[in-house]
Amino acid sequence: MRRVLAILAVVALLAAFGASAVLAKDWVKFLDSDKMLVDTSMYAKTPPWKIGFSNASISNSWRVFFARHVEYEVSKHPEIAEFYVTDAQDNPTKQLADVEDLLAKGIDLLIISPATEAALNPAVEKAMEKGVPVVVVDRKVTTDAYVTFVESSNYQMGKIMAEWLVEKLGGKGNIVMLSGIAGAGPAEDRLKGAMDVFKNYPEIKVLEQQYCDWSPVVGKQVMATLIQKYPQIDGVWADSALQGSGAIEALQEAGRPIPPITGEDMNRYLKMWKELGFEGVAVSFPTWQGQVAVQKAIDILNGIPVPRYVDCPRVIITKENLDQFVRMDLPDEFFMDSRLPEEWLPKR
């Protein structure tokens with residue numbers, strides 16, 4: 001009976017990931033079904049190793065910090081003889097070609113942060129079919145062709161933000177929703193987490209949801225349009241401080257009061273919050289998950305079992321602990337939930 005329950009638990013968890021192919025394709029072998037530990041003995045190799053990192057982009061400051069954490073962790077491992085990095089510039093077609101190039105270089109392992117969640121399925125499937133283990137980080141794919149997925153639960157992030165906003169509004173009011181890049185896993189998962197909260201509050205009216213490309217400029221433009229369109233906006237759910245900070249700027253320029261608004265640990269948003277005194281919350285999406293991805297890659301190449309899923313803990317910043325995180329002396333672009341030493345911080 002225990003074995004049957006364990007199998008059912010695995011199937012249920014795979015279904016939660018949109019999975020159906022693992023059992024048919026046998027992409028990975030589980031050592032411990034209850035804990036979803038993956039047997040990586042088949043991927044064990046004697047160093048030196050070649051590792052490829054296919055990055056969705058470095059198109060915003062979060063992604064710059066994320067990439068720096070990847071590079072920092074790699075620098076600590078002399079057994080990584082060659083480390084190749086590609087930048088897809090948020091273009092799935094380019095990223096497919098990038099992965100082809102990395103595989104042609106004879107890499108031993110692929111780390112990938114997918115531009116969009118479905119378009120990169122063929123790339124990771126090809127890598128796994130060639131015996132190259134895949135670590136997915138930050139943004140998910142919808143296939144099961146990977147060894148481990150490292151993130152900080154985007155669903156939970158969106159949910160926490162929405163629950164905070166509902167509490168601040170007393171369960172009723174008009175809100176607008178500012179998401180990241182359409183089709184990107186974090187944006188879609190954060191949106192789903194939020195909507196699963198809002199659907200339980202019939203007096204919370206979502207006036208409109210728009211994608212803002214995780215850009216302060218686009219966030220400001222979209223918010224300026226929404227301000228003109230809707231005379232009463234009681235709250236702003238922004239899935240990132242990038243477009244959230246742009247929205248605050250638009251509200252200021254329009255002479256509108258800043259309603260309760262959600263964001264992240266980006267220093268620009270934290271500074272605005274500190275200076276303007278609006279109701280805010282920041283839920284971090286840790287840039288250091290890039291470090292964790294490299295650590296899991298090292299484990300895989302050493303044949304050490306790894307979890308199928310790694311959820312990096314997030315920091316929640318409220319007005320009570322804001323002063324512990326905001327740094328008025330540091331640039332706006334910094335993300336404060338960082339594990340980089342001073343010498344590895346991006347140039348100011």
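**Labels and their grounds**

Author: Start with Phe278, which counts as buried at 8% relative accessibility. The model is predicted, so local features need pLDDT of at least 70, side-chain atom pairs count only at pLDDT 80 or more, and totals for chains, interfaces and linings use all residues. Residues are numbered from 1 along each chain as its sequence is written, and side-chain values use heavy atoms, with hydrogens and water left out.

Reader: Why does Phe278 count as buried?

Author: Buried means under 20% relative accessible area, exposed over 50%, partly exposed in between (1.4 Å probe, protein chains only). Phe278 has 8%, so the label is buried.

Reader: What makes Tyr269 and Phe278 an aromatic pair, and why is the pair called tilted?

Author: Rings of Phe, Tyr and Trp (its six-membered ring) pair if their centres lie within 6.5 Å; planes under 30 degrees apart count as stacked, over 60 as edge-to-face and the rest as tilted. Tyr269 and Phe278 have 6.1 Å centre to centre and 55 degrees between the planes, so they form a tilted pair. Tyr269 is buried too, with a relative accessible area of 0%.

Reader: Which aromatic pair do Tyr269 and Trp273 form?

Author: A tilted one, with 5.8 Å centre to centre and 50 degrees between the planes. Both residues lie in helix H10 (residues 267-276), 4 residues apart, so about one helical turn separates them. Helices (H or I, at least four residues) and strands (E, at least two) are DSSP runs, numbered from the N terminus.

Reader: How do you know that the charged end of Arg339 sits over the ring of Trp288?

Author: The rule wants NZ of Lys or CZ of Arg within 6 Å of the ring centre and within 35 degrees of the ring normal. The charged end of Arg339 is 3.5 Å from the centre of the Trp288 ring.

Reader: What makes E6 and E7 paired strands?

Author: Two strands pair if DSSP finds at least two bridges between them. Strand E6 (residues 134-137) and E7 have 3 bridges and run parallel, so they pair. Val137 has Val150 of E7 as its bridge partner. E7 also pairs with strand E14 (residues 309-311), again parallel, over 3 bridges. There, Val150 stands opposite Val310.

Reader: Which residues cover each side of strand E7?

Author: Thr148 and Val150 lie on one side of E7 (residues 148-151), Phe149 and Glu151 on the other, and all are buried. In a regular strand the side chains alternate between the two faces of the sheet.
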